[in-house]
Amino acid sequence: MDTPVTEAPAVPHSPAEEDAPWLDAREQRFWRAHLEVGKLLEHQLSRELQAHNLAINDYEILVVLSESPEHRMRMTDLATSTMQSKSRLSHQITRMETAGLVLRQECPGDRRGLYAHLTERGWETLRKVAPDHVRSVREHFVDRLTDEQLDAMYAALAPIAEHLRALRGRS
């Protein structure tokens, strides 16, 4: 005997769900492509940095410190700059200290404050790795776009980045 097929009961929708500004097919396609490109690009760049015994977060910290006055930055500012929690950054800096890439230094006049300081070894590592990393960024991202596409993407993304930076400043 065949069992009758019954329809599943309708799931009640909350007012918030009904009023949600759902993405249309074009917007959804763009959003998902954006997420996929970000993840795939970070994955590929991370894989290529592994050949230098660096994680992508290590590389980012080396770059940020190299661009800072005296090649050092307060840990709290470095956490903000690299969008990491203070705890996560502390663990990261511990690993990088063990590798000889950075040092923690006390902040004069602030017993609780610490600097992360780029060591000579960290600077040399960055100088050695940067050319390969830039080639990877070109190969997997920049050179895949025309000059016009690069300009259009920058014009589209810059105001979004500005908006999100402003939101971070509020929290």
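Begin by selecting helix H5 (86-98) and helix H6 (120-140), each of which supplies at least two residues of the lining of the second largest pocket; helices here are DSSP runs of H or I with at least four residues, numbered from the N terminus. This is a predicted model, in which local features need pLDDT of at least 70 and side-chain atom pairs count only at pLDDT 80 or more, while totals for chains, interfaces and linings use all residues. Residues are numbered from 1 along each chain as its sequence is written, and side-chain values use heavy atoms, with hydrogens and water left out.

A pocket is, on a 1 Å grid over the protein atoms alone, an open set of points where a 1.4 Å probe fits, with protein on both sides within 12 Å along at least five of seven lines, and its lining residues have an atom within 4 Å of a point.

Staying with H6, note that this helix gives the most to the lining of the second largest pocket, with 4 residues. The volume of that pocket is about 240 Å³, counted as the space filled by probe spheres set on the points, which are joined across faces, edges and corners. Next select His 52, Asn 53, Leu 54, Leu 101 and Thr 125, which are the closest to its centre of the 13 residues that line the second largest pocket.

Now move to the largest pocket, with a volume of about 1,800 Å³. Of its 36 lining residues, select His 34, Gly 38, Leu 41, Phe 141 and Leu 157, the closest to its centre. Finally, colour helix H2 (25-50), which provides the largest share of this lining, 11 residues.
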